[in-house]
Amino acid sequence: MRSFIRSASSVLLAGLFLAGCSPKAHNVGAGSLGGTPPSTTSATGAGGGAGQAIAVGPGPQKTYTVQQQPPAGSCHYRYQGGEPLPDPKCTPGAISPAVTQATLRSTICRKGGYTGGIRPPVSVTSREKKLNAASYGYTGRMGDAEYDHLISLQLGGDPNDERNLWVEPADPGHKSGGGINNKKDPVETKLHTAVCDGKVTLAAAQQAIASDWTTALAKLGLS
């Protein structure tokens, strides 16, 4: 009887071997118990936090319409070194499908400019700005606040996706009534130059500014 059991066991193990099974096979592979989960990457970077892919908006339109904004009081500013940052839940950023690494020379890096021809008209953005100010609870002078593209148009940000626009308050120490003057603007320009000069990829620049514009240059070694 023992001889029969040993023979049967040998046959069974041989069958498992031929079938590609092993005592540890169930612990190997993506998502298996006790195994290492697979790493995930995003081709476009992250908006509002690492691991979240930046949304792709509709891109430039022939005719723009006023976009619905988050409910009043539902968005909250964050601050880094005194500088305002948007609420990542309300304004995570959105990119234009027309601007990719392959289309840089025909879009944001082309001579003669690109952004002027794709901006929504003031008749649309002025109404959106008032609605978005209510979303963020902004009560300052509207003339001192910029209705800002989180991922700027010169970095391939979507022109009128509500996820990419927020009322950006004036910088600390800004004189009331002095108009718009934000430190984010030169950051956008430096990132644009770096992308067009091939120093950083479009995706890296978009990810950096969507995550935290105040640290974007330092993260990319451009400060």
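1. Let's start with Leu85, which is buried, with a relative accessible area of 3%. Here buried means under 20% relative accessible area, exposed means over 50%, and partly exposed is in between (1.4 Å probe, protein chains only). Leu85 sits in strand S3, residues 83-85. Strands (E, at least two residues) and helices (H or I, at least four) are DSSP runs, numbered from the N terminus. Leaving out residues up to four places away in sequence, Leu85 touches Tyr77, Arg78, Gln80, Trp166, Asp212, Trp213 and Thr214; touching, or contact, means heavy atoms within 4.5 Å. Although Leu85 and Trp213 are 128 residues apart along the chain, their C-alpha atoms are separated by 7.7 Å.

2. A quick word on what you're looking at: this is a predicted model, where local features need pLDDT of at least 70 and side-chain atom pairs count only at pLDDT 80 or more, while totals for chains, interfaces and linings use all residues. Residues are numbered from 1 along each chain as its sequence is written, and side-chain values use heavy atoms, with hydrogens and water left out.

3. Now the overall plan. The chain has five helices and six strands, and they run in the pattern α-β-β-β-β-α-β-β-α-α-α along the sequence. Of the 223 residues, 39% are buried. Among contacts in the chain with a separation of 6 or more, 71% are between residues 24 or more positions apart.

4. Pro159 is another one to click on. You'll find Pro159 in the loop between S5 and strand S6 (165-168), and Pro159 is buried, with a relative accessible area of 0%. Not counting residues up to four places away in sequence, Pro159 touches Gly59, Pro60, Tyr64, Ile118, Pro120, His149, Leu153 and Leu165. Pro159 and Ile95 are 64 residues apart in sequence, with 8.4 Å between their C-alpha atoms.

5. On to the cores. In soluble globular proteins, nonpolar side chains tend to be buried together. A nonpolar core is a set of buried Ala, Val, Leu, Ile, Met, Phe, Trp, Tyr and Cys residues joined through side-chain atoms within 4.5 Å. The largest has 28 residues, and Leu104, Ile108, Ile151, Leu155, Leu191 and Val195 have the most contacts inside it. Helices H3 (184-196), H4 (202-211) and H5 (216-219) are the elements that give two or more residues to this core. A second, separate core has twelve residues, including Cys75, Tyr147, Leu150 and Leu165.

6. Setting aside neighbours within four places in sequence, the contacts of Leu155 include Ile108, Leu191, Val195, Leu202 and Ile209.

7. How many of H4's ten residues are buried? Seven are, so to speak the mostly covered part of the picture. They are Leu202, Ala205, Gln206, Ala208, Ile209, Ala210 and Ser211. Their cover includes strand S2 (78-80), strand S4 (94-95), H3 and H5.

8. Finally, the largest pocket, which holds about 390 Å³ of space. Of its 18 lining residues, Arg119, Glu146, Tyr147, Asp148 and His149 are the closest to its centre. (On a 1 Å grid over the protein atoms alone, a pocket is an open set of points where a 1.4 Å probe fits, with protein on both sides within 12 Å along at least five of seven lines; lining residues have an atom within 4 Å of a point.) Helix H2 (122-136) and strand S5 (146-149) each supply at least two lining residues.

Notes. Points joined across faces, edges and corners; volume = space filled by probe spheres on them.
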